[in-house]
Amino acid sequence: MLNDTIAAVSTPRGKGGVALLRVSGADALKIGEEVFRPKSGRALSEYPSRAAVYGSIYAADANGASVEIDDGVATVYRAPASFTGEDTVEICCHGGLLLTETVLTALLAAGARHAEAGEFTRRAFLNGKMGLSSAEALGDLLEAKSREQILLAHGGMGGRTEAKSRALYEELRHILASIYVCIDYPDEDLADMTPEEILGALERCAASLDALISTYRTGHAVAEGIRTVICGRPNVGKSSLYNRIVGRDAAIVTDVEGTTRDVLTETAPLGRVTLLLCDTAGLHATEDAVERIGITRARAELARAELVLALFDASSEPTEEDLSLCRELEAGEASVIAVLNKCDLAGELPSAYRERFPNTVCLSAATGEGMDALTETVERLFIDGSLDPRSDAVLSNARQHAAALKAGRALAAAVEALRAGYPVDVCCSDVELAMEALAELDGRAISEDLVSEIFSHFCVGK
Ligand code: GDP
């Protein structure tokens, strides 16, 4: 229900200096007034929007009588100039755990319903205060674990992805209108675009959409993370590199072969990108049943990897196991970086790896030397340096990417038909399909279920 009034604690549960409670909906002011009384003696609703008002907070005692329990500050926002687009009251009280819950209980007793996870943001979206990509970016900002994720998410909240998809949508609508005029009045000179101009305009839209689609490689690498596997024969330094990247001793490092048996996984930033990093069992022939299971799992991870950090020993010539891994990786789809580890022990580097892999980095997982080169190589492979995450439209999740791809495929089909010389009306349904997909991308045309799914990932109070 959109027109009831919801309340929740927006700060994290726990003891703190202050806590913030939010009330949003048609009765927000009425409910806020029951709980919060300005020291001035005036009613909260008499204050202008965005004024911060000092006052007393009231809640029911054991007998149901209203008693003063705290001092605090309330801010009134009137629809539509609020985060949700509805009348909103925000109350700051002292951040005691029981105190905050008591204030929330008072708001609920006064007629508010406890907000569900993400319900404030969902209302902001449904009330047209933000597009879906912006709301998703806000969710990403709350989850951000690296500086680059913060920049990307904050940039995304500005609505640039919606703006881009809406501009394309409007362009296609204009083209479609011209095509319909051609169809409906074939003998009259009413259309404002010739078939050649229609093709040219569609080609420009398709190119612009392709450029947007290509931003996903960067957005995915920063926001979602690159599925990355560290592999190599035993003792080559996989666990040492894993620990170096995650920044703590998460994996056991020994010179005993077969120490890592299961797949260890962690999310770790590396420069501007995020790695969903797996340390795997050393790949070699073994009779040990447990190690063999580990190796099977390592191979399964390799098959799903987007990036493989293939470790080799810089201080010795390749073994047959190393060469077999090289052959396997050359045949695979993932981006591969050959990491020549233990450079602190190496004299002349083995040449076999540079010949096979265009991306080769020499480093020491033990000392950290050469880690910058690894970071730069990963960034070069996955980040488009010409994109500014703070201002450019960047697709940052699989939903946006899927919608943009759908639109891109439809436009490509329309362009192909016109280039093949078919009459313009042949491409109408493809252009309509592309417009539908763009409306999905900016959230104007997505199902209620999907909206619920997206906002359920937010925390309560946001
Ligand atoms: P894994 O079996 O491939 O996971 O290898 P580990 O990370 O467990 O390392 C095996 C051994 O090599 C350990 O004794 C590490 O201390 C050592 N080692 C790992 N990386 C380096 C390095 O860059 N330089 C040197 N000198 N030793 C290393």
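The following dialogue considers how terms are applied to several residues of a predicted model.

Analyst: Local features in this predicted model need pLDDT of at least 70, side-chain atom pairs count only at pLDDT 80 or more, and totals for chains, interfaces and linings use all residues. Residues are numbered from 1 along each chain as its sequence is written, and side-chain values use heavy atoms, with hydrogens and water left out.

User: Why is Thr 100 called buried?

Analyst: Buried means under 20% relative accessible area, exposed means over 50%, and partly exposed lies in between (1.4 Å probe, protein chains only). Thr 100 has a relative accessible area of 7%, so the residue is classed as buried.

User: Where is Thr 100 placed, and what is Thr 100 in contact with?

Analyst: Thr 100 belongs to helix 2 (residues 97–109); helices (H or I, at least four residues) and strands (E, at least two) are DSSP runs, numbered from the N terminus. Contact means heavy atoms within 4.5 Å. Apart from neighbours within four places in sequence, the contacts of Thr 100 are Val 9, Ala 19, Leu 21, Cys 93, His 94 and Gly 95.

User: What makes Val 236 count as buried?

Analyst: Its relative accessibility is 0%, which is under 20%, and therefore Val 236 counts as buried. Val 236 lies in the loop between strand 8 and helix 9 (238–246). Not counting residues up to four places away in sequence, Val 236 touches Leu 311, Phe 312, Asp 313, Asn 341 and Lys 342.

User: Which residues of helix 8 are buried?

Analyst: In helix 8 (residues 216–224), these are Tyr 216, Thr 218, Gly 219, His 220, Ala 221 and Val 222. Their packing partners include helix 5 (147–156) and strand 10 (273–279).
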